Amino acid sequence: MANLLQINNLHAIVENKEILKGINLEVKKGEIHAIMGPNGSGKSTLSSVLAGNPKFEVTRGTVHFNGKDLLEMEPEDRAREGIFLSFQYPVEIPGVSMVNFMRAAVNEQRKYKNEPPISASEFLKLMREKRELLGMDSQLVNRSVNEGFSGGEKKKNEIFQMAMLKPKLAILDETDSGLDIDALRVVASGVNKLHTEDDAVLVITHYQRLLDYIKPDKVHVLYNGKIIKSGEPDLALELENRGYDWLINP
Amino acid sequence: MVEKQYIDLFEQYRRELDDNSVEGLNRHRDKAFEVFSKIGFPTSKDEDYKYSNIVDAFDDDLGLNLRNIPIPVNPYDAFKCDVPNLSSHVFFLINDRYYRDAQNNEPLPETVFVGSLQDFSQQYPDVFAKHYAQIADYSDNGVVAYNTMFAQDGFVVYVPKNVQIEKPLQLINILRGGVDLNVNRRILIIAEENAQVKLLVCDHAVDDVHFVVTQVTEIFADKSAQIDYYELEENSVKVTRLTSLFSEQMENSNVVTSGITLHNGYTRNNYRFRLLGEHAEAHVGGLAICDKKQHVDNYVFVDHAVPNCLSNELFKNVLDEQATGAFCGRILVEKDAQKTLAYQTNRNLCISPDARIYSKPQLEIYADDVKCSHGLTTGQLDEDALFYLRARGIDKEEARLLLMVAFTRDVLDLIRIDSLQERLEHLINKRFRGELLRCGNCNVCKYFD
């Protein structure tokens with residue numbers, strides 16, 4: 001089966017500093033991959049580059065998504081093709097209501113697929129259904145995007161958006177950071193419920209903790225801009241016990 | 001000297017001026033003339049007018065309709081308001097004159113007066129004398145003095161004690177003329193003790209000539225009165241608009257004003273709020289969306305004369321292309337005005353590298369137990385927010401529009417008429433999309449595209 005995501009020798013810089021130094025990664029439909037690594041190893045840069053953040057510049061390498069050249073696409077087209085980034089630090093956008101934001105996002109996606117705009121009643125039904133999946137307060141979706149949300153609410157809101165948009169590849173960038181154990185469970189169970197044989201998840205995390213709830217098929221260790229080790233789920237446990245040092249300074 | 005032609009004109013046509021107005025207005029002309037002859041128009045050498053050169057506009061050969069030659073216009077045909085169905089009480093000023101044939105208005109409470117300034121001065125001479133040209137101090141401002149010299153009519157809302165008008169009133173100012181024209185109009189709003197009124201003023205040019213407009217608005221809110229005063233400017237690029245709003249508030253009164261410029265040429269708005277009774281509140285909003293070479297300058301002076309009052313200013317500008325803007329906010333807290341709360345915020349978005357904004361807070365505080373703050377930011381759209389929206393599939397242009405509309409949101413939130421808020425959001429959306437290239441539904445601006 002062809003890979004959903006195929007990254008070859010990816011190099012990227014930010015402010016003239018090379019952060020990614022030759023990443024190779026293959027993700028197939030239905031798989032969950034975890035990318036772990038110490039601070040500053042390039043985990044968040046990888047997720048930003050995949051989502052198309054203009055602050056990062058790709059200098060070498062290729063990324064193919066569903067057979068298409070991802071790096072050629074604008075961020076909005078990547079999203080419409082089915083890439084979803086759950087932000088490590090979701091942005092507060094005062095004045096843009098969650099409802100208008102989500103309606104615009106859903107309709108842009110439908111337009112891309114030549115589908116008619118969603119009806120008002122269908123949209124409200126979808127919102128309610130996904131909100132309940134994440135146990136989100138109905139008040140939250142009536143507010144401005146992330147404005148005044150607590151850290152946990154922001155992360156729930158990311159997964160709520162993921163549920164609304166049903167991506168083919170969800171990239172969860174440190175989704176567990178800032179979550180207490182209850183919120184972590186809700187978020188993880190949301191991700192698990194949304195995951196099917198047709199999509200893939202890339203979990204980027206510091207800690208093994210999240211992987212107790214979202215079970216990966218593969219675990220990769222990113223260090224200094226490169227994947228230095230890939231393995232089975234028990235690699236995560238080993239990292240939890242031994243730290244990264246044995247890999248970095250073997 | 002630019003002023004000379006107007007000084008000569010005044011002396012030469014004094015008789016016509018008086019004959020086509022009424023004693024109440026005429027009695028102020030001499031004194032105003034004296035002031036104007038002495039100080040003239042402010043120039044960009046005056047600190048408060050540093051970023052607005054208003055004199056040049058008067059250099060043109062402008063006509064003044066001092067003899068009140070009737071201007072044939074049916075305001076219902078001339079233009080379709082951009083804020084329809086807001087009110088069942090709609091009034092018009094054609095240039096500076098009150099339009100007497102307004103149709104289909106629902107009756108207002110009998111004791112309320114809404115209509116011509118001339119009529120009001122005759123029907124309520126005492127109330128008129130107490131307020132007209134009293135709130136609007138012209139001793140140190142050449143534009144206000146000029147307006148007082150030439151003003152012959154205007155619009156009045158007078159709401160007596162304990163009367164509350166629930167539905168908003170709407171005044172539509174129509175600028176009409178076959179030649180370049182100077183128009184000097186007045187608005188007077190009086191709410192007596194515990195009275196309430198809301199007024200929306202829409203400003204609109206319908207002819208393709210250069211209009212230079214001065215407008216002096218006087219607002220008096222007596223004890224526990226509540227006045228909402230909203231202005232929507234949709235003028236052509238050929239209009240120079242100089243407004244001066246003066247507001248005086250007594251104990252427990254509450255005044256909200258908001259000036260929204262959706263389309264304009266050259267705009268200078270002066271605001272002066274005086275809080276004269278304890279526990280009075282003034283909420284002052286302003287929003288301008290400018291592009292081309294449009295210019296907007298807001299000058300706000302809030303005077304806290306007594307303790308325990310609150311003032312809150314929020315002014316925002318979105319400037320594109322070669323537009324320029326200025327904001328100056330002066331807050332004076334007098335010595336006895338303890339427990340004052342005075343807040344001021346000015347935020348600006350410069351969309352293009354050529355757009356310019358000049359902003360200056362001025363706080364003068366002579367009391368020691370007060371809370372005052374000012375905040376000022378100028379910048380571009382938030383790149384992180386832009387990326388966040390794009391990462392959800394919203395295209396770049398649409399995301400920019402969403403953020404620009406969002407930027408204006410809190411100014412609209414100050415408006416206490418829900419339907420007007422919604423309508424304005426819609427119009428602002430259209431404006432940013434370039435679908436409101438010209439001022440609303442009139443036919444003038446098409447000549448300039």
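Okay, let's start with a helix pair in chain A: α3, residues 98-112, packs against α5, residues 151-165, at an angle of about 35 degrees, and their axes are 10 Å apart. Bear in mind that this is a predicted model. The crossing of α3(A) past α5(A) is right-handed. So who's touching whom? On the α3(A) side you've got A:Met102, A:Ala105, A:Val106 and A:Gln109, and α5(A) brings A:Gln161, A:Met164 and A:Leu165. By class, that contact has five nonpolar residues, two polar and no charged.

Now, over to the sheet. Chain A has four strands in an open sheet, ordered β2-β1-β4-β5, with antiparallel pairing. At the edges sit β2 (17-27) and β5 (68-69) of chain A, each pairing on one side only. Look inside the sheet at β1, residues 5-14, and β4, residues 57-65, of chain A: these two run antiparallel and are joined by seven bridges. If you want one to click on, A:Leu5 has A:Phe65 of β4(A) as its bridge partner.

There's a helix on that sheet, too. Helix α1 of chain A, residues 43-51, lies across β1, β2 and β4 of chain A, and it runs at about 75 degrees to β2(A).

Last bit, the interface. How many residues of chain B are in contact with chain A? It's 17, and they meet 20 residues of chain A. On the chain B side, the elements giving two or more residues are α10 (383-390) and α11 (396-413).

Note on methods:
Residues are numbered from 1 along each chain as its sequence is written. Chains are lettered from A and ligands numbered from 1 in the order in which they are written. This is a predicted model: local features need pLDDT of at least 70, side-chain atom pairs count only at pLDDT 80 or more; totals for chains, interfaces and linings use all residues. Two strands pair if DSSP finds at least two bridges between them. Two residues are in contact if their C-beta atoms, placed from the backbone, lie within 7 Å. Axes are lines fitted to C-alpha atoms, for helices over the stretch in contact, and angles run from 0 to 180 degrees between N-to-C directions. A crossing is left-handed if the near helix is turned anticlockwise from the far one by less than a right angle, and right-handed if clockwise. Ala, Val, Leu, Ile, Met, Phe, Trp, Tyr, Cys and Pro count as nonpolar, Asp, Glu, Lys and Arg as charged, and the others, Gly among them, as polar.
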